[in-house]
Amino acid sequence: MRNIILDCDPGHDDAIAILLAGSNPEINLLGVTVVAGNQTLEKTANNALKVVQWLGLDIPVFKGCPGPMVRKQMIADDIHGKTGLDGHDFGEIKIKLQEDHAVNFIIDTILNSKEKITVVTCGPMTNLAMALRLEPKIKENIEEIVLMGGAYTFGNVSPAAEFNIIADAEAAYVCFTAGLPITMMGLDVTRKVQVLPEVVERMDKISNKAAEMFVNLMKFFNKSQKEVFGWDGGPLHDPLTVAYLIDPSVVTLKKMNTRIDIRSTDSYGRTNCDYFDYLGLEKNSNVAIDVDVKKYWDIIEKGIKSYND
């Protein structure tokens, strides 16, 4: 069983990452920590509560950093709507956030764990970066960082940068230079796992609460992706991090040196992945370069069906 902390900014694809991690027997989800990203912190924190409550998960949710470490805040309301999780009626939120700050939870949980912990980030890496700066000792008990972010080709916010990285590139810089095992699920692979209409129809046949949430959220997600990018199915980015932990064979990884651009103007937030080892530098990251699309949707389907009990 893999002990994980899931740090996210829900977000339609974040919601499915929570769904996937929340009931899998191979994963011990210790807590959901929330950061500003797809929407403001108040909204992303509420969205995490909505998902946890809807799915009936007994998992604590912690509110974290309200903005990036250095740069001006940016959100993705053009994709995720006014609430950050438009498309599904979750009803009244009856569960509450934990009182502790997400950064403190990350530090305390990792320091006090008898087993190493994997930190999964599906949004800007602010919470984890702040934890690493505040208490570097946690590095000794982190098994791996798995992130959705970046690209070794081209971005989705600028020609160079992907949203989760450009939203707080300094935080990503801290995480990538921490000397920890780090595995990156970038746009190069997540763009291949599009929620096409046939995928929505497939999951709709499951007919449980998890499927209902998935279908409603994905219909809105696809509508906004069509308007912004012209795609018939939006890429379901974030759950690939959890799918990888469930079955590592779902992606093909390549070791390479990755550096975060925090200096330039045009390419700020780019993950400069040295695919061909031009620079001969230490290979500090595992970067996903391909994905088994069929296996990915099988994992998602199995995750949704696990809520039948």
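## Salt bridges in the predicted model

Nine salt bridges are present in the structure, which is a predicted model. Side chains of opposite charge can pair when their charged atoms come close.

One of these pairs joins Lys192 and Asp290, whose side chains meet at 3.1 Å, N to O. Lys192 lies in the loop between helix H8 (187-190) and helix H9 (197-204), while Asp290 belongs to strand E10 (residues 285-291); the two are 98 residues apart and link distant parts of the chain. Lys192 is partly exposed, at 40% relative accessible area, and Asp290 is partly exposed as well, at 34%.

The side chains of Asp298 and Arg202 form a salt bridge at 2.7 Å, N to O. Asp298 is found in helix H12 (residues 293-305) and Arg202 in helix H9, so that distant parts of the chain, 96 residues apart, are linked. Asp298 has a relative accessibility of 31% and counts as partly exposed; Arg202, at 26%, is also partly exposed.

Another salt bridge connects the side chains of Asp277 and Lys283 at 3.3 Å, N to O. Asp277 is partly exposed at 33% relative accessible area, and Lys283 is partly exposed at 41%.

## Contact between helices H2 and H10

The axes of helix H2 (residues 41-55) and helix H10 (residues 209-229) come within 9 Å and cross at roughly 145°. Helix H2 contributes Val51, Trp54 and Leu55 to the contact, and helix H10 contributes Lys209, Ala210, Glu212 and Met213. By class, five of these residues are nonpolar, two are charged and none is polar.

Terms used: Residues are numbered from 1 along each chain as its sequence is written. This is a predicted model: local features need pLDDT of at least 70, side-chain atom pairs count only at pLDDT 80 or more; totals for chains, interfaces and linings use all residues. Side-chain values use heavy atoms; hydrogens and water are left out. Axes are lines fitted to C-alpha atoms, for helices over the stretch in contact, and angles run from 0 to 180 degrees between N-to-C directions. Helices (H or I, at least four residues) and strands (E, at least two) are DSSP runs, numbered from the N terminus. Contact means heavy atoms within 4.5 Å. Ala, Val, Leu, Ile, Met, Phe, Trp, Tyr, Cys and Pro count as nonpolar, Asp, Glu, Lys and Arg as charged, and the others, Gly among them, as polar. A salt bridge is a side-chain nitrogen of Lys or Arg within 4 Å of a carboxyl oxygen of Asp or Glu. Buried means under 20% relative accessible area, exposed over 50%, partly exposed in between (1.4 Å probe, protein chains only).
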